[in-house]
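Biologist: I am new to this structure. Could you show it and guide me through parts of it?
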Amino acid sequence: MVGSGPELDPDDLPDGLVVADALGRVVGFNRAAARLTGVRPAAALGQLLEDVLPLEDLDGHRWWQLTDPYGGLAIRTGQPERNLLLPGGREVLVSARYVRAVPRGPLERLVIALRGTEARRRTERSHAELIATVAHELRSPLTSVKGFTKTLLAKWERFTDGQKRLMLETVDADADRVTRLIAELLDISRIDAGRLELRKQVVDPAAAVRRHVERTVATGIPEERFDVRITEPLTVLWADPDKLDQVLANLLENAVRHGEGTVTIEVAPAKEVVEAPVWERSGTPPRIVEGTAVTVSDEGSGIPEDSMPRVFTRFWRGSKRGGTGLGLYIVKGIVEAHGGSIRVDRAPGGGARFRFILPAGVPDFML
Ligand SMILES: Nc1ncnc2c1ncn2[C@@H]1O[C@H](COP(=O)(O)OP(=O)(O)OP(=O)(O)O)[C@@H](O)[C@H]1O
Ligand SMILES: [Mg+2]
């Protein structure tokens, strides 16, 4: 065991651990293994592994006979994780490591890890929920498209030009909604797979914010609703400009749609301690990020304290006015893919305040 301090106690492990010696007799059986198998450690120790853990695969084959760890090829180093059945049909995830004193020598120890299947069940359930939600989100605009086109085709002559235009505009908007939803889902699958592609360039954050406000004003939102405050000196960012646009567009749209009053956007140099994102958290210490922080705050009712941890999860929406609830999940994914971080709290005026930081820096070849 590497490391100082008190010795590792196998009973502290969250996973079941079973160790068998060179003769296939159980010499280690921790508490989690007892919990998962229902066998007491005292009853397991000294017994043959095959008797203590009579595992079968899903086709009913006896696992130890099938894998034959003590016979078989001496180059094998273990077994990858499999879903196996304990007597009584209880499922466990089992992986094994074959420990040999010399490479290709006889097996000295067999180390088996056992895990319950609840965690996997939970992810499977969340996948099923995701599919159900997506199907539902796609169905409502498509139902409207289908309804209007069918009506128009069947009764074309009976409608005035104005009515036809109105229906076609709805169809057009619903088609946009579907397209947008699909683009969001693609982003999400890339974020979840850690494969969000960033085409980084030198980006001037203040210019990006100004351009965005202009764009939003052009869609008919009065200019007075925005208050842009830039604190110089700002460093340039090494970021994907399209993705940064996506982040800003989402935050501004949210502030206008879900918030009220003046939307204040502050851009300022910043230095912050940033936790590693969840997907790389195991063992990754917090980092210090130096770069530019963008804060978007509004004067609406804000986000209730107890909902704050949920705003960045997918499909969470706080009100009926919400869209699909994917915007902030994507925003967070993009910011973290850049090595930055985002958080939400309450603005002094009471509304929601979102603040994200992106690391400064240009690539070596530009220095
Ligand atoms: N500035 C804000 N003020 C109040 N509530 C907000 C604000 N921004 C976001 N929210 C709440 O957070 C929820 C999630 O936001 P998110 O951007 O993820 O989804 P959405 O805006 O509902 O849909 P989408 O962005 O996918 O079209 C919103 O539905 C809204 O209830
Ligand atoms: Mg949104």
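Predicted model: local features only at pLDDT ≥ 70, side-chain atom pairs only at ≥ 80, totals over all residues.

Biologist: In what order do the five strands of the open sheet come?
Modeller: The order is S7-S9-S10-S12-S11, with mixed pairing. Strands (E, at least two residues) and helices (H or I, at least four) are DSSP runs numbered from the N terminus, and two strands pair if DSSP finds at least two bridges between them.

Biologist: Which strands stand at the edges?
Modeller: S7 (226-230) and S11 do; each has a single partner strand, so one side of each lacks a neighbour in the sheet.

Biologist: How many bridges join S11 to S12?
Modeller: Six bridges join these antiparallel strands, and Ile 342 has Phe 356 in S12 as its bridge partner. The two strands form a hairpin with five residues between them, and Gly 350 in the turn has a positive phi of about 110°.

Biologist: Changing topic, where is Arg 310?
Modeller: Arg 310 lies in the loop between strand S10 (287-297) and helix H9 (327-337).

Biologist: Why is Arg 310 classed as partly exposed?
Modeller: Because 14 other C-beta atoms lie within 10 Å of its own; buried requires 20 or more, exposed 12 or fewer, and partly exposed is in between, with C-beta atoms placed from the backbone.

Methods: Residues numbered from 1 in each chain as written. Chains lettered and ligands numbered in written order.
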